[in-house]
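How do neighbouring helices pack against one another in a chain? The explanation below takes the helix pairs in turn.

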Amino acid sequence: MGTRTSRRALVAALGMTVLGVASTLGYAQQEPKRPETTQRPAIEHSIDLAAKGRCQEALPTLKFAISRPAAKQAADKQLEYRAAMATAKCAMSLDQPQTAVNALFLLKRDFPHDPEALYITTHYLSELAMRASQELARTAPTSYQAQELEAESFESQGRWAEAAAEYQKILAENANVPGIHFRLGRVVLSKGESEANAEEAKKEFEQELKIDPSNAAAEFSLGEIARRAGQWDDAVTHFSTAARLDPGFAEAYLALGMSLASAQKFAEAVGPLERYVKLVPDDPAGHYQLAIAYDRTGRKESAAKEMQLEREAAAKAPPSATSATPQ
Amino acid sequence: MISRRRWLELLGLWGFGLHPGLKSLRRPRVPHPLEGPDSLPAFEEVPSSKSGISWTHVAGLSPEMYMPETVGPGCAFLDYDNDGWMDIYLVNSGPCDFYTPPDPLRNALYRNNHDGTFTDVTEKAGLAGNAYGMGVAVGDYDRDGLPDIYLTQYPHSILFHNNGDGTFTDVTAKAGVAAPGWATSAVWFDYDNNGLLDLFVCRFVDFSKAKNIYCGYGAEKKRWYCKPTAYTPMACWLFRNNGNGTFTDVSKETGISKSLAKAWGVVAADINNDGWMDLFVGNDTVPNFLFANRKGRFEEIALLAGVGLSPFGLARSGMGVDAVDYDQDGWIDLFVTNVDHEQYSLYRNNKDETFSDAAPGSGIAAATKMLSGWGVKFLDYDNDGNLDLLLSNGHPDLMVEQRLQNVGYREKLLLFQNTAKGWRNVSAECGPIFARELAGRGMALGDFDNDGSVDVLLAQNDDVPVLLRNNAGRNNHWLGVKLIGRKANIDAIGAKLSYQAGDLLRHRSEVGGGSYLSAHDPRMVLGLGQRKKIDWLEVKWPDPGGKNERFTELPVDRYITIVEGEGSWK
């Protein structure tokens, strides 16, 4: 159930951060000065200049080159790739985040599996995130956003008590900041799986929903707590609400289907599971659960077909984070 | 101010590779340290100085990290000399293509001296082994009333015939059950209901020294033990007993070899109450198998039965297995242990050849989230009539602590008490042994002191075995039953018992094998709680006998023997 939400959370986090860099920090996003030419020799020359560190000279042409579809049509893919890489590099060195992000998104779109592109994307986006956090700490050190970032940092290091204390500070100053009770709930769960922690986390998620009734993640978390406790009816209620609040929340459909199946309500599980496999066709979990639901409702042929899809999806699934795989 | 490193860590928290809404639960609960109770703990370690068991397992751990080094060994309780007291057999590693022991290694047979001590009789018995030992299965294949031993090894296994004079003879060649390759668990059971014990042997991957694969990381090429995804699966074996000391490999004609395995554990039980023994096999990184026995041919049904994969549709690292009717609905349920981050599964039988995982919500899934399990067995440790659950744990990779947080190489035992309404983790209340971290692997059950409290033998990898005396069962009444088949297989594998003691009605089944690489006391101990009388006991013998026999006027707090067709107990 996880990898997709993880990815989405990551993308959301990155998106939020990068946009934050562009808007909050107010980097000047100047209109590029129109270069004299965007023909191949000029682009090649600019790439050479970038390689020599002469970014001031190179960037106008590069920027223009990657922004023009005509240039892409005229140039080969390799030129486009090199131009985008050079643009990203120069934009970062000249502190032009919008240009850097444009180049990175171009690379993501046109070279989605290129290792170097993925590497520099990670590298530069983390760099931008770091700059944004520094700017936040410098310009608004007492803001709840700065405290929240600090708390998240503690979380990342497993320093649960310090993270919780930071979140509590935010709530002490403003009890209705959305998202903080949700975070607190996550921190509590991170401390370890126990009935007491689940109960405490549950209260935080419920508190969050009082502040922000549209928080589908909080509903999902409540559902997950119920599911782990074998409280299928509660789980079904929360996952249903999460799916209603965020119709694109694919994992909520899967979790809903799983909970219904666990409650032996296989006929009811079919709908959400069919929805999930449409949304996320390459996740074996959906096909597996749907195959079981079909089987238990007498749809043997559909079950066999779905299980075949499951096996195919599982064969393509990446190894788990804990795998010891050969290198 | 947030550092760049911390930011990257934060990204990690948000989701690289871990489940989202679930990843916040990734750290395990740390059990409270145990405090010594005033009274005897439920399980008490019998030290080597008292038991006389001085043997140690030697894994031959090497820089090349050959997989067999880290997964053994198994162990057994068996009464090899038929004196009514459980003896102990321990399996060691040994010479093979990837290992030349610097000093000679051997398995060990310890004879029970009836006073809590044991004597090493290996040399006389001739049970030393001759290759890299893995596990053991015990069964009287020739119906002479003496338990024989099948020793699984790499690269070939051994069948030891019990001569009845304290010695055994290697009859592997004549019997035709060498099972070349890497054999792991094995089980004796009568698959064709002809009254003879047949032999199923789990095979792990296609492995040899030449096929050893490098698994590791980093510029320094730091090595770790491979996950089995790196290796090719192989078919298990099924050997039909010809009744004349020989066996026929029927793996192909019965459908067993159609399914490629990476098999660690196996248990034989009748999951659909059709009178034919089925097989549940724990596989590592390929789906588990549930071989439904269709009158002598096997249909593999695990996937749609709901016992092959995780709830997320992925194969886990299935290892130890067991089968028992834990909820007393008359249908056999299943259990499989897995590795860290996978949780173990308790599969409740839906009575239609499908199962539902009852581990979530029972406390079992949560308690096993970060553990790696091997030995597993249901037992009524307190003789209250409910079958409890004991789990032996330990991670297979010595290097795991360097690459994973909150996962240890040595792990603690777990004991769950069946309250008849649910499961209660009673590990912390049951003795200091549950606070100790062990390299747990095989685990066998047996009442070595004949007090009606089922004791435990734990095998550790590259370490000494642990013998645990059960003190809890003595607080309740019990009846121990040894079944001897006449028309049915002599070990009565597949027999079903029901008994009534006042308000207590219970059903038990004699399953074949279970746990991991290990064999158990064949006697069943029936817990009565505080009830002092059994009203009746009914035995449903497996085919070809197949009859029901009912007994009344039974004693309590002692063992009895029931021979098929005799209509009485002794």
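This is a predicted model: local features need pLDDT of at least 70, side-chain atom pairs count only at pLDDT 80 or more; totals for chains, interfaces and linings use all residues.

Begin with helix α13 (residues 232–245) of chain A and helix α14 (residues 250–262) of chain A, whose axes come within 9 Å and cross at roughly 160 degrees. Because angles over 145 degrees count as roughly antiparallel, α13(A) is roughly antiparallel to α14(A). The crossing of these two helices, α13(A) and α14(A), is left-handed.

On the α13(A) side, the residues in contact are W232(A), A235(A), V236(A), F239(A), S240(A), A242(A) and A243(A). They meet A252(A), Y253(A), A255(A), L256(A), S259(A), L260(A) and S262(A) of α14(A). Sorted by class, this contact of α13(A) with α14(A) comprises 11 nonpolar and 3 polar residues, with no charged ones.

Helix α14(A) also packs against helix α12 (residues 216–228) of chain A; here the axes come within 11 Å and cross at roughly 25 degrees. An angle under 35 degrees counts as roughly parallel, so α12(A) runs roughly parallel to α14(A). This crossing, of α12(A) past α14(A), is left-handed.

From α12(A), the contact draws on A216(A), F220(A), G223(A), E224(A) and R227(A), and from α14(A) on A252(A), A255(A) and S259(A). Its residues divide by class into 4 nonpolar, 2 polar and 2 charged.

Which residues of α14(A) does α12(A) meet? They are A252(A), A255(A) and S259(A), and these residues of α14(A) are also among those that meet α13(A).

Key:
Residues are numbered from 1 along each chain as its sequence is written. Chains are lettered from A and ligands numbered from 1 in the order in which they are written. Axes are lines fitted to C-alpha atoms, for helices over the stretch in contact, and angles run from 0 to 180 degrees between N-to-C directions. Helices (H or I, at least four residues) and strands (E, at least two) are DSSP runs, numbered from the N terminus. Angles under 35 degrees count as roughly parallel, over 145 as roughly antiparallel, 65 to 115 as roughly perpendicular and the rest as oblique. A crossing is left-handed if the near helix is turned anticlockwise from the far one by less than a right angle, and right-handed if clockwise. Two residues are in contact if their C-beta atoms, placed from the backbone, lie within 7 Å. Ala, Val, Leu, Ile, Met, Phe, Trp, Tyr, Cys and Pro count as nonpolar, Asp, Glu, Lys and Arg as charged, and the others, Gly among them, as polar.
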